[in-house]
Amino acid sequence: GQYNVYHQCYHCLRVSKELEMCLGNNEIKSRAVVKYSAAPPPTTYALLQEKTDLKLPPANWLRESPQLGPAGSTVLGSSSKSKPFSSFGMAYDFIDSIGDDVDVVSDSENIKKLLKIPYSKSHVSMAVHRVGRTLLLDELDIQELFMRSSQTGDWTWLKEFYQRLIDQKWQRKKKSKEHWYQKAILSKFLYYSINGDGAAEPVPDSDNTDEGCGAEEFGPSWPATFTSTASDSEESASLQEGVPMDSKYALGQVASKEQNLTTLFNEGENSQGLRNDFVRNILWTFEDIHMLVGSNMPIFGGGRYPAVSLRLRDNNKPINILTGIDYWLDNLMCNVPELVMCFHVNGIVQKYEMIKTEDIPDLENSTFSTRVVKDIAQNILSFLKSNCTKEGHTYWLFKASGSDIVKLYDLTTLCEEAAEEKCQNPFTLPVAVLLYKVASNMMLKKSQNRKHYGTIRTLLLNCVKLLDQDRHPQIIASAHYMLAELFQLDEPPEEGAGGESLRAGGSEDSYSDEDDEEDPEDLPEDSDENGSFSTTLDSQDDSKAVAIIKSVGELSVPEKYKSTHQIRPIYAFPVSQDKEERCRHVLSYVLKGLKAVDGSIKKESDLPAADPNTPIPLKYEDGSKAVEKGIALLLDRAGPFQEDRKHPTRSGMIPGSWQHRMKLQLFFKASKAYYVLSDAATNLLKYGRALRYIKLALQCHDAYCSVSSTLHSRVLLFHSQCLSLCGDIQLMLAQNASNRAAYLEEYSYQTREDQEVLHSLHRESSCQAFNMASDLATDPEYQLFVSSKCYEAAYELLTSGVVKEHGPEQLAQVLKRLGNIRNEIGVFYMNQAAAMQTEKEVKKSVSIAEQEIWKKSFSCFEKGMKDFEAIEDSTNTSLLLCNTGRLMRICAQAHCATSADLSRGEFSPEESLYYNKAIDYYLRAMRSLATRGNHPAVWDSVNWELSTTYFTLATLLQDYAPLSRKAQEQIEREVTEAMLKSLKYCDLQTESARQPLYQYRAATIHHRLASMYHSCFRNQVGDEHLRKQHRSLAELHYSKAVLLFLSLKDAPCELLRTLLERVAFAEFTMAGQSSSGAKLKTLTGALDILTDTRHAFLLIHKELLEDYTELTRHLDSGADGTTSSGLNTIEVMKLIGVFEPSFSFLLLQLVKLMTAMKRKPSNKDEELLKTYKNVYSKILRAEKTAPLLSRIELFLDLLQQLTPKTGSGDLGASS
């Protein structure tokens, strides 16, 4: 059973088996997970008979064997060519692990070679590359590369450097006959050991795949970027405009589109070793080091364990420490628990021996400490990570044969120093592609992991640095597009999402330790003292090395070099809270991307001539027809489906090419950035700048439309947002006409970057489709008109078929804006109409011009109401109804006829009609709101307007009664009705700024009604019942008016007039009375009313004292008699002129009546009579020419004398 379990585990690509080694006190942690295996399940090895001659070839020798994989052929040297790119093949296949999780990616042979450095004299030569936190190690077989360089010229610079600094007389060592003999018998041994029948067993189809990846992803194929595997076809599909681009990147078709790429990757050989052709890829964790290793070691079944490794040993040669470490590491990496050794003498099999993996370090003659091997591994990794800091640079780790010194060179820097042009580093492209792939892989997960933004940015910037724009425009354009994508335009960055902004000292492209203090012992300085270690290395070489390990012995010292986990890249992502700065970053990357695309398109002339088929909208001076035409053109552009493009675009791009797809994305991104800039400027009230940016956003969209065959709903939705914002800006410009000069200055300014973007847009389009919408006009009416057209266009877009389902919220927003702009235009025309009225000298009849303006205003209000009703916005609907009511009142005022002497005629039927229409609109506005609670401010406003309209209607009817066409009684009825309705809407309870106004109006209404009934009472003859009714109504309204005027502290004249009218009413009543008792009662009542005038005189006296100095100055200078307090002294003088005779008349009549009384007067009556006589005589003697203030003081004094005597003193006491 145990075998089966292992077998399944091992080959279902889900292997996760941990092997812990315990050796005495030393415990080494090792864990290996097979990520991919091309070999069939291990078959049991064939146990060879003793005396089998391995010099004779077996029957199946050199046939292709899945069991042996490449090992079968490699041992013969048939493909012994070095593979300088083998780690890249693995990295491409396991892109998820690169940059973050894995420390090292390499061939297992290279790992073994590194860990054996302190034990071995042989030379070491490896290329090291950094990608994020990961180091890629590859064998750099100097001799073979130099053989090749003579044919390709690739590595000449390295050859010269090597000869100049390291070894002047290098020679290729011939492999000995013995070497080939050993290889041949090992190969034959392995073929003999294969169980013949099982040799061709196919790889089992496995349903359990690792982390949800299909098996094909790991197939021995070109890196996924350059072939089209399953995941890739998705990637290429995403590049059609129909699929949201935000999460997909455009390198799906590099190989097919760029011939030079493919040739570069297959130089000279069939392949430069960029394929991942290891039998196994293993994720090996050795202590705290995570490695992705490739291994070709043949694994067999049999023995005590489900898997064993098979080795052939010459019995005459004892096993040494290097071989022991080899065997041990191979088994650890492949998770093989046992080693089977077959001993031979001169090719004749002798015996087999089995050794457990954990026992290998204790074999006789080859004892080694696993703890030391662990220290070596940690030291080497730390040494490399501390010194290979620059991404995109090729480092060379070199130890000469027999030397103790290990040196690390930065070949990229050396190459840059080389004078020759032909200095080309063959690693450049594989490294750039890997950086790109790792970045785009992280980008696909960016939504989950904002903390990777800094990493992605660094990877991409380094990728772009490595590439030549002329040779690899696609990767460069795509990388810049991704860089632009990193900056979130839609929402503000979350706190801490991107970490700190660029930290001082951390450049964009390099990584370093977290703590900068370096112990001098940790990393040896370059110095000339090391000359003593070697004879072949001169001191000039040391200065070229990035870092040196002075003696390999140091590698065995625990933690001699810094421990790995402290080393983290400084990846800072410049997070800016400032939207404008983020947009500027985006635009700079978009521009670089566009330049890369433009540079790759074969162009005849720099800028194409204007396209004759694109009509250029006329400027607005040609009136609204041109504007309508412009909008129609704009909507044609936005048509969701145009015919598919077959022909190249203006710049010569072929539809469907990578350039075409990339340009679409870049144009769209630029459009978004300009939209955000415009929005930000709008919020800062910089409307000129906002208009300039929205113009650029619309120009980007125009170019997008020119290039794109169909417009995706996402694009149309965004476009409607742009139009909507453009409408907002034009509206704000119209409302702030006073700042026009500043706005023009902002609008005209343009950055160099914006000009370059525009230049790129012009390659594809004349960009004039939206000029009308985004030009800065000088006329507010035109700006309002353009604004409404922008909203209408946005509305049409949102209601077109493609977009309908996608933007319900946006549609509501646009409808609200449409309603608002229509209200604005309506108000604009309404104000014009009001202005025309004030300008007219004599109003005879209504002009046609006025009527036209009313119609325009009215139709705007009506449309606006429909818009608000569509989104059930009752508040705004009622506001528009309220505005329409105001328009009706303006119409009514226009119909008031004035004669040449400026006196107006009777109240006309037209006036009545329009006032009643206004009342209807106000009532509808109230109904729309339903209750005050829904929107108190609007409700109060409508309420006030309604009360005012009724009041105006009533006062006009009363003051300019249409007696020529209506009976007096009818007019009185209508006045009463209108007044009472106005009173109904006078809100006396709610405390607000309008409360005193309402109180004053209510008092005025009562006063006017009282006056009307007073007048009716005087003029009424005959119907006694009606007279009585009129008399009591007059009394009622007078008393209410007096109470309200008394509560107002600022209407003394009105209070005085009302009281005097009331006294006159009493006097008129008395005139009709015959009995002296009734007359006396009426007179006493009238005198009581008159004493109430004291309140009015006190108020007038107070104001006169405050204003006295000013007042005398006014009268002396002959100016009109209104003082700053608002007291109309002329009015006061008039009222005193009425008050004095009335006062003296009442007193005289009272004295007469009381004297003529038949019954004997009581003491009280005598007192009263005395007082009346006294006051009367004072009134008669009063100086009529005395100053106002002293006259009023006299009245106050006299009234005061009367007050306690009457004993009534009640306000408004009357009979």
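Author: A search of the whole structure finds 36 salt bridges. The term stands for a side-chain nitrogen of Lys or Arg within 4 Å of a carboxyl oxygen of Asp or Glu. This is a predicted model, where local features need pLDDT of at least 70, side-chain atom pairs count only at pLDDT 80 or more, and totals for chains, interfaces and linings use all residues. Residues are numbered from 1 along each chain as its sequence is written, and side-chain values use heavy atoms, with hydrogens and water left out.

Side chains of opposite charge can pair when their charged atoms come close. Take K55 and D53: their closest N and O atoms are 3.6 Å apart. K55 is partly exposed at 38% relative accessible area. D53 is partly exposed too, at 22%. (Buried means under 20% relative accessible area, exposed over 50%, partly exposed in between, with a 1.4 Å probe and protein chains only.)

Next, E580 and R689. Their side chains form a salt bridge at 3.5 Å, N to O. E580 sits in helix α18 (residues 579-600) and R689 in helix α21 (residues 687-707), so this pair ties together parts 109 residues apart in sequence. Helices are DSSP runs of H or I, at least four residues, numbered from the N terminus. E580 is partly exposed, at 23%.

R817 and D728 also pair, at 2.7 Å, N to O. R817 belongs to helix α27 (residues 808-839) and D728 to helix α22 (residues 713-735), so the bridge links parts 89 residues apart in sequence. R817 is partly exposed at 25%, whereas D728 is buried at 15%.

Finally, a network: salt bridges with shared partners join E109, K112, K116, R311, D326 and D330.

Terms used
Helix = DSSP H or I, 4+ residues; strand = E, 2+ residues; numbered from the N terminus.
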